[in-house]
Structures are given as structure tokens and as C-alpha cells.
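Here are some notes for a first look at this structure. Please read them with the model open.

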Amino acid sequence: MSELKPCPFCGCGDRRVGIRRMGSNGYRVCCSRCGSLGPHVSVKEWNGQKEIAQKKAIEKWNERL
């Protein structure tokens, strides 16, 4: 899985920034230090393949910097 870049708002790069499951619908990256959220990625968009949805959520988070 791709490495997460630090939070673009608070700079947090430790274990508080991570991928979060949003129910059974999808994933997003969250910073638990400042509460910023990356874009939601739906599992449906990737034919139910959770690993791909997680990877895309990380890619979208990393694009924000």
C-alpha cells in the first residue's frame, strides 16, 4: 500500500494520519490530530474491491499536498 503523506493542514505525519473505513460504503484518510478528512472513495466505484478503494483514498489524500 502507498505511503501516506503528512496532513496538509497541521503537518501531522505520525500514526494519527491513517485510512478509515466509512461503514461498508468506502474509505477516506483522516487526521485524528486536527480532524481533516480526505475525499471519500466508494467501494462500489471499484466493483467492491476494498484494496483498490483504500489505495485510491490514499492517492487522493497525497494529491492534496
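1. Start at Ile-19. Beyond the residues up to four places away in sequence, Ile-19 touches Leu-4, Tyr-27, Arg-28, Val-29, Gln-54, Ala-57 and Ile-58. Keep in mind that this is a predicted model.

2. Where does Ile-19 sit? Its place is in strand S1, residues 17-22. Cys-30 is 11 residues from Ile-19 in sequence. In space, their C-alpha atoms are 6.4 Å apart.

3. Is Ile-19 buried or partly exposed? Ile-19 counts as partly exposed, because its relative accessibility is 28% and buried means under 20%.

4. Now the cores. The largest nonpolar core has 6 residues: Cys-7, Cys-12, Val-29, Cys-31, Ile-58 and Trp-61. Strand S2 (26-31) and helix H1 (50-63) are the elements that each give two or more residues to this core. In soluble globular proteins, nonpolar side chains tend to be buried together.

5. Look next at Trp-46. Trp-46 lies in the loop between strand S3 (41-42) and H1. Which residues does Trp-46 contact, leaving aside neighbours within four places in sequence? They are Val-41, Ile-52, Ala-53 and Lys-56. Lys-56 is 10 residues from Trp-46 along the chain, and 9.5 Å separates their C-alpha atoms.

6. Trp-46 has a relative accessibility of 29%. Trp-46 therefore counts as partly exposed.

How values were computed. Residues numbered from 1 in each chain as written. Predicted model: local features only at pLDDT ≥ 70, side-chain atom pairs only at ≥ 80, totals over all residues. Heavy atoms only, no water. Core = buried A, V, L, I, M, F, W, Y, C linked by side-chain atoms within 4.5 Å. Buried < 20%, exposed > 50% of the residue type's maximum accessible area, 1.4 Å probe, protein only. Helix = DSSP H or I, 4+ residues; strand = E, 2+ residues; numbered from the N terminus. Contact = heavy atoms within 4.5 Å.
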